Amino acid sequence: MTFHPGDLNAQEKLLLHLADNGLIMNHRLCQWCAHAPELELEMGLANIGLDHLGQARLWLGRLIETLAARGVETSEDELAYFRDDDQYFNLLLVEQPNDDFAMTVGKLFLYDAFHHLALNQLSRAGDPPVAAIAGKAAVEVGYHLRFSTHWMKVMVGGTEYSAGRMRVALDYLWPLCGEFFTPADYEKTVKQPRVAFAQLKDAWLQSVLPVVRPLGLALGEALAFHHPSGKHNRHSEHLGYVLAEMQVLARKHAGAAW
């Protein structure tokens with residue numbers, strides 16, 4: 001029996017959601033190679049991207065084990081390179097374009113603050129293999145959050161121009177953050193691991209609001225989310241372009257080996 005995303009159960013969809021966030025965030029960050037403002041920043045963003053890729057591979061590995069237990073065969077390459085955009089489960093935030101450095105820093109900061117909380121929750125979620133992956137990833141994401149928080153503070157507290165660019169970025173990104181706390185159907189029904197990401201909203205706000213308040217934005221704290229959800233395979237036009245770039249080599253030379 002071969003893999004098809006429509007055949008996944010709740011646990012498998014959650015694992016693929018976690019993996020897809022890492023795959024797409026990695027690709028977006030690695031697009032900064034040879035384009036970042038400084039060499040040190042270029043290396044930092046690339047290394048964070050590689051952490052996300054490593055985490056995605058661990059989630060995919062766990063998914064492959066879970067599928068194999070019920071006779072479904074697939075591979076990391078098939079999952080990463082041979083699905084279309086309407087078969088991806090990633091958050092809308094991670095697929096948004098890099099645009100300028102402010103947009104990337106803002107996206108990283110908002111996602112890192114949530115991701116760190118989510119991984120800590122997963123590390124206590126009652127599923128030993130998931131807990132092990134989440135615990136390892138949480139250490140890495142702790143460093144990511146320090147990096148993005150530092151650069152948020154640099155830009156918010158820097159020049160009027162840098163603060164202005166960050167205002168533009170957060171005005172665009174903030175409405176997408178409600179998806180963090182809007183449960184997908186599979187989050188509501190999965191038994192192992194137990195997840196309750198909606199409960200993380202207050203802790204997330206406590207983490208991010210002190211950093212962004214100096215910008216004077218009327219962000220509001222309700223985070224009502226009214227978009228079609230990436231968790232349910234409903235994506236912006238941006239994901240198609242990401243996948244076209246990410247998948248072109250594998251699809252052009254399907255079955256090739258290095």
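How are H1 and H10 oriented to each other: roughly parallel or roughly perpendicular? In this predicted model, H1 and H10 are roughly perpendicular to each other.

**View 1. Helix H1 packs on helix H10.** H1 covers residues 10-30 and H10 covers residues 237-252. The packing angle is about 75°. Angles of 65 to 115 degrees count as roughly perpendicular, and H1 and H10 are therefore placed in that class. Their axes lie 11 Å apart. H1 contributes Leu 23, Ile 24, His 27 and Arg 28 to the contact. From H10 come His 238, Leu 239, Val 242, Leu 243, Glu 245 and Met 246. By class, this contact has six nonpolar, two polar and two charged residues.

**View 2. His 17 sits in helix H1.** His 17 has 2% relative accessibility, so it counts as buried. With neighbours within four places in sequence left aside, His 17 is in contact with Phe 89, Asn 90, Leu 91, Tyr 186 and Lys 231.

**View 3. Helix H5 runs from residue 101 to residue 122.** Its 22 residues should span 32 Å at 1.5 Å a residue. The end C-alpha atoms are 30 Å apart, which agrees. Of the 22 residues, 19 are buried, so H5 is largely enclosed by the rest of the structure.

**View 4. The largest nonpolar core has 84 residues.** Those with the most contacts inside this core are Trp 59, Phe 114, Met 152, Met 166, Trp 174, Phe 180 and Trp 204. H5 gives the most to the core, with 13 residues.

**View 5. Phe 180 and its contacts.** Leaving aside neighbours within four places in sequence, Phe 180 is in contact with Leu 91, Leu 93, Leu 110, Tyr 111, Phe 114, Phe 197, Trp 204 and Lys 231.

Terms used
Residues are numbered from 1 along each chain as its sequence is written. This is a predicted model: local features need pLDDT of at least 70, side-chain atom pairs count only at pLDDT 80 or more; totals for chains, interfaces and linings use all residues. Side-chain values use heavy atoms; hydrogens and water are left out. Axes are lines fitted to C-alpha atoms, for helices over the stretch in contact, and angles run from 0 to 180 degrees between N-to-C directions. Helices (H or I, at least four residues) and strands (E, at least two) are DSSP runs, numbered from the N terminus. Angles under 35 degrees count as roughly parallel, over 145 as roughly antiparallel, 65 to 115 as roughly perpendicular and the rest as oblique. Contact means heavy atoms within 4.5 Å. Ala, Val, Leu, Ile, Met, Phe, Trp, Tyr, Cys and Pro count as nonpolar, Asp, Glu, Lys and Arg as charged, and the others, Gly among them, as polar. Buried means under 20% relative accessible area, exposed over 50%, partly exposed in between (1.4 Å probe, protein chains only). The expected span of a helix is 1.5 Å times one less than its number of residues. A nonpolar core is a set of buried Ala, Val, Leu, Ile, Met, Phe, Trp, Tyr and Cys residues joined through side-chain atoms within 4.5 Å.
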